[in-house]
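Here is a short note for your first look at this fold. Keep the structure open and follow the points in order.

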Amino acid sequence: MKLLQSVILLISAISTGLMAGLFAGFSYSVMPGLNRSSDRTMVEAMQNINKAILNPTFMSLFMGSIPLIALAGVLAWRGYGKPALPWIIAALVLCLVAFLITSGVNVPLNDQLAKAGDAQHLAAAREQFESKWVLWNNIRALVHIAAFGCLAWALIVSGTQRPSSAGQPTAPYETRQTSIG
């Protein structure tokens, strides 16, 4: 059971970390680069990115991390990982917040941008899209980074637990001081 808990928690952390990296990469690289581009280039690039990102890899990471974290929480609650449970719950809440930001702000903006057509409307489409999308992407990146940090800490906390002779978790490993003399 401990191995399953650890594996699910690790996969949850990796998945969440990959999402944090994706959104952070947009924050410090992709969007500043597109900001330097013409209206046509920026709009066309984001339209293409928004189409390309809807693939099985992205969807499994984005949609899969929440149930994986929930499963990690259930396993921690039922097994050895109770000391890590608050960190897992915090990560779950943060990922849910990020999901709500994505589905409530970023996706509708992407859908709106997908409708931008001819050259005379590109500047207006960009104006309605770019600053709001960038702000909320930065927020969801920070939220995912915080969730990843919580899961990383949960891994550390759960890794310091040792089973007692009765099979129940005990306090973290401690160093014992011995006296000489």
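1. Start with a term. Axes are lines fitted to C-alpha atoms, for helices over the stretch in contact, and angles run from 0 to 180 degrees between N-to-C directions. Two packed helices are described by the angle between their axes and the distance between those axes.

2. Some ground rules. This model is predicted: local features need pLDDT of at least 70, side-chain atom pairs count only at pLDDT 80 or more, and totals for chains, interfaces and linings use all residues. Residues are numbered from 1 along each chain as its sequence is written, and side-chain values use heavy atoms, with hydrogens and water left out.

3. The overall plan. The protein chain has five helices and zero strands. Both are DSSP runs numbered from the N terminus (helices H or I, at least four residues; strands E, at least two). Of the 181 residues, 35% are buried (under 20% relative accessible area, 1.4 Å probe, protein chains only).

4. How do H1 and H3 cross? Their axes come within 8 Å, at roughly 145°. The crossing is left-handed (the near helix is turned anticlockwise from the far one by less than a right angle).

5. Look at that contact (heavy atoms within 4.5 Å). In H1, the residues include Leu4, Ile8, Leu22 and Phe23; among their partners in H3 are Phe58, Phe62 and Leu75. The contact of H1 with H3 has 17 nonpolar, five polar and no charged residues. Here Ala, Val, Leu, Ile, Met, Phe, Trp, Tyr, Cys and Pro count as nonpolar, Asp, Glu, Lys and Arg as charged, and the others, Gly among them, as polar.

6. Now the open space. On a 1 Å grid over the protein atoms alone, a pocket is an open set of points with protein on both sides within 12 Å along at least five of seven lines; a cavity is a set where a 1.4 Å probe fits but cannot get out; lining residues have an atom within 4 Å of a point. The largest pocket holds about 490 Å³ and is lined by 26 residues. Asn50, Ile53, Leu54, Val107 and Asn110 lie nearest its centre. H4 gives the largest share of this lining, nine residues.

7. The largest cavity has a volume of about 60 Å³. Its lining includes Lys2, Gln5, Ala72 and Ser158. H1 gives the most to this lining, with four residues.

Methods: Grid points are joined across faces, edges and corners, and a volume is the space filled by probe spheres set on the points. Buried means under 20% relative accessible area, exposed over 50%, partly exposed in between (1.4 Å probe, protein chains only).
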